[in-house]
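This report concerns the pairing of aromatic rings in a protein chain. The sequence and the model are shown first.

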Amino acid sequence: GFSLSTEDEEGWIKYIEGPDRTGTYLEPYSEYVNAREYDTIDYVYGLNINLERTQDSDGKATKASEFGGNATEIANAEKAFRLSAVRKLIIESFDLPSYCDSFGLDENIEQQYMMNTYVPKGFVQDDNGNDYVTTHYYDVYQEHHPELSDEEVANKLKQGQYNNIFMFADAENDTLKPLRDAAIAEIDAWNTANPDNKITLPVQMEYFSVWGQEESKLYDTVLIFEWNKRLNGMYDAESFTKPTSPYFYVIPTSDLTATNYEAASNGGNFDLSSTWGWGPDYGDPMSYLNTFAKNGDWGSIFNFVTLETVPSYSLVNGELVMTDLLGSYTEKVLEANSVYDNLNERYHLFAEAEYQLINELHIYRPLTMRGQGWNVSVSRAAGYHSPSGSYGLSSNRLQGLYVIDGEGITRQERLDAVAAYNALKAAYLDAHGSINVYD
């Protein structure tokens with residue numbers, strides 16, 4: 001079998017659109033296309049700001065190869081990243097539509113994999129069987145936004161969409177201007193307070209991209225261009241260079257190739273990245289939220305996570321006020337993790353920490369999780385007979401998997417098989433009270 005994508009134009013026309021081009025992702029032309037929604041848990045990928053690229057004695061980012069990095073530019077970006085309003089502008093200016101275009105999906109549901117939480121929906125349940133995200137995180141979000149109804153919160157945070165999170169902006173409606181003004185105000189305040197250590201404009205930032213690979217360059221060219229438009233409020237610009245960028249200038253990671261990109265990525269040798277994802281080890285919010293706590297799991301990639309103190313500055317009443325960026329977040333994560341006898345309390349505390357991470361620290365924004373979303377594929381395999389031992393070294397590997405002669409199984413036949421399976425399962429559960437998979 002194989003999955004289908006718009007990048008395979010011939011296969012897309014043959015199976016999805018059909019000769020008259022009327023088929024869609026949701027209603028494919030071929031009856032043999034298995035179109036369904038995934039609901040599994042996978043890696044959650046996000047946009048990261050790397051506050052401290054590790055540097056060697058020469059001022060270049062530490063690396064296994066000769067991957068470049070201008071020491072002056074790196075140091076300048078790191079100073080700017082210490083400012084809360086700058087980080088917020090960078091995160092909010094990221095162009096989600098351009099990012100989603102790289103998935104090669106139908107334009108009507110190209111954002112299907114989008115995540116608006118770090119802990120995935122359906123992954124963690126409390127003592128009452130309530131989902132952590134739709135119960136505890138939604139509640140905390142509403143506590144911070146009491147003007148929103150339950151339905152509005154659910155619509156804003158639901159997976160598979162970015163329209164209610166994405167800040168649309170253009171020349172006529174520059175919704176990012178208040179964030180940009182706040183960022184420039186903090187830079188001005190920093191420069192006033194630090195005349196011998198000023199932040200110079202534009203702040204050049206390297207976005208992790210394998211520029212030597214045509215596919216990456218194809219999509220990232222558009223993404224970076226739109227990002228620079230939004231960062232600088234230059235919506236009619238036809239191109240960007242450093243001299244023509246007044247405030248910020250995003251470029252792809254320099255000198256990065258297919259042979260040295262892994263060392264650069266693993267070493268945190270970038271300023272901005274959307275290539276890293278985290279997969280859970282166990283069914284608790286701690287599995288995700290510990291990653292950004294001090295000395296947490298992301299410390300091996302993002303050096304600032306290992307620091308005892310991460311200075312972060314905000315402009316308060318005209319004065320720059322410093323706080324420890326990960327201090328209160330780490331305290332909240334540790335407090336939540338210390339509660340063992342009440343899952344409702346534990347998860348509410350974790351939800352408070354998650355809200356802070358996503359909405360207040362401005363170092364990370366969840367982007368995608370491929371485990372959930374719409375998928376279209378063609379396969380002659382039918383695995384409904386036995387779901388156990390389907391891979392690995394199990395002696396039962398592939399037992400119970402049927403391969404159908406001819407074209408395969410139609411979409412309706414698959415739906416009927418799933419319905420029959422669910423009916424039998426429900427009837428057994430009704431009769432016996434439980435299903436013991438070991439019998």
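Which residues do ring pairs link into a cluster? In this predicted model, the cluster joined by ring pairs consists of Phe208, Phe270, Trp276, Trp278, Trp298, Phe302 and Phe304.

In total, the structure holds 23 aromatic pairs. One of them is formed by phenylalanine 2 and tyrosine 15, whose ring planes stand at 65°, over the 60 degrees required, so the pair is classed as edge-to-face. The two ring centres are 5.8 Å apart. Phenylalanine 2 is partly exposed, whereas tyrosine 15 is buried.

A further edge-to-face pair is made by phenylalanine 94 and tryptophan 227, with 4.9 Å from centre to centre and 80° between the planes. Phenylalanine 94 is placed in the loop between helix 3 (84-93) and helix 4 (96-101), and tryptophan 227 in helix 8 (residues 214-232); the pair therefore ties together parts that lie 133 residues apart in sequence. Both partners are buried: phenylalanine 94 and tryptophan 227.

| Residue | Relative accessibility | Class |
|---|---|---|
| Phenylalanine 2 | 39% | partly exposed |
| Tyrosine 15 | 15% | buried |
| Phenylalanine 94 | 2% | buried |
| Tryptophan 227 | 0% | buried |

Notes
Residues are numbered from 1 along each chain as its sequence is written. This is a predicted model: local features need pLDDT of at least 70, side-chain atom pairs count only at pLDDT 80 or more; totals for chains, interfaces and linings use all residues. Side-chain values use heavy atoms; hydrogens and water are left out. Rings of Phe, Tyr and Trp (its six-membered ring) pair if their centres lie within 6.5 Å; planes under 30 degrees apart count as stacked, over 60 as edge-to-face and the rest as tilted. Buried means under 20% relative accessible area, exposed over 50%, partly exposed in between (1.4 Å probe, protein chains only). Helices (H or I, at least four residues) and strands (E, at least two) are DSSP runs, numbered from the N terminus.
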